[in-house]
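Subject: Structure handover

Hello,

The structure is below, followed by notes on what was found in it. Please read the notes with the coordinates open.

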Amino acid sequence: MAEQTENLLAYLTGRDQPIKAKYREARKSFWSYCKLMNPSFFREERPHLRELAETLQALEEGTLRAPDGSVCRRLAISEPPRHGKSYTMTLFNQWCFGRNPEDRIINVSYNETLSSRFSKGVRDGIDATKIDPRFTVFNDIFPGVAIKHGDAAAQLWSLDGSYFSFLGAGMGGTITGVGCRKLIIDDPIKNHMEACNDQVLDDQWEYYTNTLLSRVEEGGMIIVIMTRWNTRDLVGRVLDAEPEKWHVLNHRACLDEKTGKMLCPALLSFASWKQKQALTSPDIFLANYQNEPIDVQGRLYDGFTLYDELPAARLPVVAYVDTADTGADYLCAVTAARHEGEGYLIDAYYSDEAMEVTELAVARMLYENGVNECYIESNNGGRGFARNVERLLWEKYRWRRTTVIWVNQHQNKMARIMTESAYVSRHLKMPADWATRWPGYYNAMRSFQRKGKNLHDDAPDATTGLAEVLQRGAAMRKRFFTGRGAR
């Protein structure tokens with residue numbers, strides 16, 4: 001209120017030089033722009049808003065650094081509800097257009113309604129007319145930047161002098177004929193049910209890779225703003241694919257539950273946070289307010305140990321194959337080197353292709369990795385698969401150094417997976433780049449739930465078998481190989 005009164009007095013008396021100085025500062029600083037446009041919301045005692053504003057400005061100006069040290073062009077933002085992220089992004093779009101009227105922005109939201117609302121917020125802010133001298137409007141700070149007359153549709157509009165400035169679209173919508181300097185994806189997932197739907201997540205990833213990326217011009221930037229519902233959501237996948245390129249800004253509503261320290265008590269107090277916690281499903285609450293993906297909370301594997309290089313010694317190599325029992329199953333084959341009781345995963349194959357394809361792939365894996373022993377589950381057609389792999393090893397590679405052992409598993413699958421989970425997490429070491437080397441296998445292992453329904457268990461099942469071989473190989477060899485009988 002004090003600032004608004006100061007503006008009015010300056011306007012009435014002609015003493016507006018301090019105000020003009022503030023306008024100049026707002027053109028240089030996005031945080032200053034936010035404070036001028038809404039001083040009651042953007043206050044210094046809300047440091048998370050200042051951090052968001054300064055991070056966005058650093059991205060725009062090329063001073064934000066990616067994890068690999070390069071100039072960052074990729075930003076992932078996760079904020080609790082009602083903490084100002086969408087409003088800040090609306091102002092950021094305005095500020096960018098004010099500084100560069102030739103900018104081009106595509107904003108993608110969950111549906112057309114939300115994208116239209118966001119588009120109108122940016123457009124109407126630029127087009128606002130000053131009525132009350134106590135309040136700042138866009139044109140005060142950026143005079144001469146205006147919406148093109150007759151070209152102000154809700155979702156597609158231009159600034160004076162430009163053929164295209166802004167396009168708003170729903171996730172999965174058609175985007176043709178335009179490119180952008182900025183791609184902004186805002187909350188593409190509607191709720192927790194969609195977050196747990198593999199088909200929805202796969203469709204969004206396909207739309208991002210096949211459609212949206214082609215619209216970003218060389219040197220352009222991508223901003224993804226979303227609640228972290230699932231490790232396989234859009235943010236999870238881009239971080240898996242390009243971890244070295246993405247800067248992550250992740251704010252939790254509660255910073256310390258023991259002390260009651262909150263991100264912004266004025267927007268969400270600790271008492272309100274506790275009340276919401278008591279009334280909301282735990283997984284939904286943690287995803288919404290703490291940005292903890294639902295599938296993280298119930299994961300079986302609490303983490304994986306990584307390695308950069310294999311031990312120098314020549315190591316025995318073993319493999320385990322879980323064949324696809326039904327048409328909906330995946331075949332999973334994993335190969336590891338054994339050293340002093342530890343396993344070092346060196347190859348993984350995870351596929352739902354037909355058996356004639358997977359037989360060739362497994363034979364090649366065994367040959368290329370010099371596998372000494374390969375254990376293949378013989379339940380439900382596994383014997384035929386094992387015979388064909390042995391045949392292909394000889395016919396294609398003239399290779400008989402791999403001993404193929406049939407394993408007939410009768411123990412409870414989930415009980416075995418649970419029993420060996422500690423060994424898998426701590427003693428079966430994964431290569432540091434396994435997320436990008438074997439993305440299907442990586443996602444299947446990382447998202448497997450301790451309780452509840454898992455769509456597929458093939459990767460944990462095969463990895464459990466590998467863990468058993470690494471620990472008890474001699475006993476398993478004696479049990480299964482010697483009792484196999486004539487082939």
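Ile-184 sits opposite Ile-223 of strand E7. Some conventions before the rest. This is a predicted model, in which local features need pLDDT of at least 70 and side-chain atom pairs count only at pLDDT 80 or more, while totals for chains, interfaces and linings use all residues. Residues are numbered from 1 along each chain as its sequence is written, and side-chain values use heavy atoms, with hydrogens and water left out.

Strands (E, at least two residues) and helices (H or I, at least four) are DSSP runs numbered from the N terminus, and two strands pair if DSSP finds at least two bridges between them. E6 (residues 180-186) pairs in parallel with E7 (residues 216-225) over six bridges. E2 (residues 105-109) also runs parallel to E6, joined by five bridges, with Asn-107 opposite Ile-184. Six of the seven residues of E6 are buried, so the strand is largely enclosed by the rest of the structure. Buried means under 20% relative accessible area, with a 1.4 Å probe and protein chains only.

Helix H10 (residues 234-241) has six of its eight residues buried, among them Arg-237 and Asp-240.

Regards

Definitions and conventions: Buried means under 20% relative accessible area, exposed over 50%, partly exposed in between (1.4 Å probe, protein chains only).
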